[in-house]
Structure formats: C-alpha cells, structure tokens
Amino acid sequence: MRATPLGLSAAVAGLLLLTACGDQRPGSSHRSDSPGCGPTLSSQATGSQSASGAASQKSDDAASRQPSGEETGGVSITDPGGGSRGCAVFRVTNREAEPFTYTITFKLRSGSGAAPELRTRIVPSVQPGRTVTGTVDFSSDLPEASAWSGVEIMKVRSVPVDEAPVEGGPCPSSGVRLYADQGDAAMGLRVVTLHLENCGTRTYRLDGYPRVSPLGEDHKVIDAVRVLRDGSSVAMSTGADGPPRPLALKPGDRAYAGLVWRNTVLSGTPVNAPYVRVWAKPGAHPVMVTPELDLGTTAKLAVGPWKKGA
C-alpha cells in the first residue's frame, strides 16, 4: 500500500490564529498556488531592508511588529494580520553556505475536532543569507474557514539546490535524472525505490549498487546506521534483491534500485534519518533524496542492486 509520510517530526510552534494574512506584492515572478493570498514569494537579505516594493515592505514591517513564532528548520510563521481569511504568511531564512530548496508541510487545526488539513509549499533556490517571505492559503477550498483555529509548521525539509533530485524538466549536466518515490509500507516494512533515467546523449553505465549515506535533520551523516547490500538482508521478496549486473543505459533508458528497512522498535533509541545522499556509481554527482527513514532500533538500511526498467 502507499506509504504515508514517514517519521514526521512533532508539530511545532508557529501557531497562528486564522484572523487573516496580508496581501503581499513582492518583486518576484513566483505566483501563489492559492489565489486568495495573492502573490507569494519575496526575498531580502537577512538583516537588511527589502527593496521589493511598497506593499512588500509593508508586510515585512508588519511581520517585524509581530512576535516571531518558533523557528523550525529555518522557517517560521510571522504575520497573522491582513485582509483575507484562512491564509498564513511564513518566512524562510537560509543560514547555510549554499542555496537550498525548502519543502514545508503546514497543518491547519480545526476548532471543531475535524481532521486536520495539510498543505505543502515548496520554496526553491533560497540563496545563502537570504530571507524569503511566502504565503500558504487554506481558505480557497475549505468551507467555513473561520471554523479552523490555527496553522502549525508540521515539517520542514531542505535540500541543497546542487543536489536536488530531478524527476522531470531539463536534463541535469550529469546527463541523468535521479529521484526517489514515496515508497510502500506494510506491517513495519518500508520499501522506497530510487529511479534513474539517462536523459543525456551518451550511454550511461552502472555496475553494482548505488552508494548511499543516511543523514539526519542537520544534513550530517548518521554513523549509527548500518548500510547493507541486497534487500534480502532485511526482508525477502521486496524486489531489491538479486545479484548486481552491469547495465548499459542508452539515452531514454531507466534503472531502479530499492531501499529496504524496518521500523521495529525494541530496546534502545530509535534512529530516524529523513535524508539520504545517493551516488549512482563511483565518481557520480551526489543527489539528496528524502525517504524519511524511520529505522526503529534496527538501525539497518538495505540497498538493492541497480536493475534495468522503470
């Protein structure tokens, strides 16, 4: 069955009463996926004044008067004021030394006890030392927006732009697209598949297993994780087993390899690794995927061999 997002961190600060959020006018070509909130992304240097325009400056000034919510992964909800109900203004600050793309999951809580609503916003290519302000809208497709009591930042994931997985669009300079799917989960067994497509003009050769390195929320290597070869070292019949074979992928050809683990929890401290850095073969450019490894206390991740196919 299709897995739900794994290893979600606890819902964290940034609680925002849904009075409304301001209509921003950033000097950016990015537009909101939620028309009720208006244009969505503006950028400024950290600690400096925005030059995006009068309305954007007004929103930044309003945010500065608000007590900032607790920051999670560089993201905080900043502005509860404005003119349209059911949307929130958030701020992303990149304090790293390279550009990052942020994927933010927001949760809208109901005052009536209804199931929470989730929204995801992707903020691409935030440059080092920059702060980007954006909006997330819950009002356009939810009846009675006033019945919803607050917005929380549920999860933040960030990937270096230079290592971002590519599923479509222009072919990367490496000549291959590499990404992970959402995976399958059943009875504590997790299987996520790495997909590789030769989108270049030359034959791309693989022989063996992808090299993987599990990373924590701080993007640092988790040494406690044991990386094993062949999916059968964790579970049989996952499709991530069998001997490695040399592959010659012509332009347009595809290959896949499986990541297999269990989230069994016994004695000890559970290990979670939201990110995995992947090298398709020795010398390849790394790609950082987000399979949300919830390894339980097993601390084992099995990697299958590359196989030709979708």
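User: Let's start with Phe106. Buried or exposed?

Analyst: Phe106 is buried in this predicted model. Its relative accessibility comes out at 0%, and anything under 20% counts as buried.

User: OK, and what about Phe90? Buried or exposed?

Analyst: Phe90 counts as buried too, at 1% relative accessibility.

User: How many aromatic pairs are there?

Analyst: The count comes to 2 aromatic pairs. One of them is Phe90 with Phe106: the ring centres are 5.2 Å apart and the planes stand at 50°, so this pair is called tilted.

User: Why tilted, though?

Analyst: Planes under 30 degrees apart would be stacked and over 60 would be edge-to-face, so the 50° between Phe90 and Phe106 falls into the tilted group. In general, a pair of aromatic rings is described by the distance of the centres and the angle of the planes.

User: Where do Phe90 and Phe106 lie?

Analyst: Phe90 is in strand β4 (residues 87-93) and Phe106 is in strand β5 (residues 100-110). The pair therefore ties together parts that are 16 residues apart in sequence.

User: And which residues form the tilted pair at 6.4 Å?

Analyst: That's Phe100 and Tyr102, with 6.4 Å from centre to centre and 45° between the planes. Phe100 is buried, with a relative accessible area of 4%, and Tyr102 counts as buried at 3%.

User: What share of the contacts join residues at least 24 apart?

Analyst: If you take contacts between residues at least 6 apart in sequence, 72% of them join residues at least 24 apart.

User: Now the sheet with β13 in it. What's the strand order?

Analyst: The order is β13-β18-β19, an open sheet of 3 strands with antiparallel pairing. β13 (211-215) and β19 (287-289) stand at the edges with a single partner strand each, so one side of each has no neighbour in the sheet. On average, neighbouring strands here are turned by 25° against each other, ignoring direction.

User: What holds strands of a sheet together in general?

Analyst: Strands of a sheet pair through backbone hydrogen bonds, either parallel or antiparallel.

User: What lies over the face of Tyr275?

Analyst: Arg157 does, at 5.9 Å from the ring centre. Another case involves Trp279: the charged end of Arg211 sits over its ring, 3.9 Å from the centre.

User: Switching to β9. How many of its residues are buried?

Analyst: 4 of the 5 residues of β9 (residues 176-180) are buried, so the strand is largely enclosed by the rest of the structure. β9 pairs with β11 (residues 189-198) in the antiparallel sense, over 5 bridges.

User: Which residue in β11 is the bridge partner of Val176?

Analyst: Asn198 is the bridge partner of Val176.

User: Last topic, the loop with Thr238. Where is that?

Analyst: Thr238 is in the loop between β14 (226-229) and β15 (246-249). A polar atom of the Thr238 side chain lies 3.3 Å from the backbone nitrogen of Ala240. Not counting residues up to four places away in sequence, Thr238 touches Leu189, Val191, Gly231 and Val260.

User: Which residues does Pro244 contact?

Analyst: Pro244 sits in the loop between β14 and β15. Leaving aside neighbours within four places in sequence, Pro244 contacts Gly208, Tyr209 and Pro305. Pro244 and Gly208 are 36 residues apart in sequence, and their C-alpha atoms are 4.7 Å apart in space. At 37% relative accessibility, Pro244 counts as partly exposed.

User: What's the phi of Asp230?

Analyst: Phi of Asp230 is near 80°, a positive value in a residue other than glycine. Asp230 belongs to the loop between β14 and β15 and is buried, with a relative accessible area of 15%.

User: And Ser237, buried or exposed?

Analyst: Ser237 is exposed, with a relative accessible area of 70%. Ser237 lies in the loop between β14 and β15, and its phi is positive as well, near 60°.

How values were computed
Residues are numbered from 1 along each chain as its sequence is written. Side-chain values use heavy atoms; hydrogens and water are left out. Helices (H or I, at least four residues) and strands (E, at least two) are DSSP runs, numbered from the N terminus. A polar contact is a pair of N or O atoms within 3.5 Å; within protein, one must be able to donate a hydrogen and the other to accept it, and residues adjacent in sequence count only if both atoms are side-chain atoms. Contact means heavy atoms within 4.5 Å. Two strands pair if DSSP finds at least two bridges between them. Axes are lines fitted to C-alpha atoms, for helices over the stretch in contact, and angles run from 0 to 180 degrees between N-to-C directions. Rings of Phe, Tyr and Trp (its six-membered ring) pair if their centres lie within 6.5 Å; planes under 30 degrees apart count as stacked, over 60 as edge-to-face and the rest as tilted. Buried means under 20% relative accessible area, exposed over 50%, partly exposed in between (1.4 Å probe, protein chains only). A charge sits over a ring if NZ of Lys or CZ of Arg is within 6 Å of the ring centre and within 35 degrees of the ring normal.
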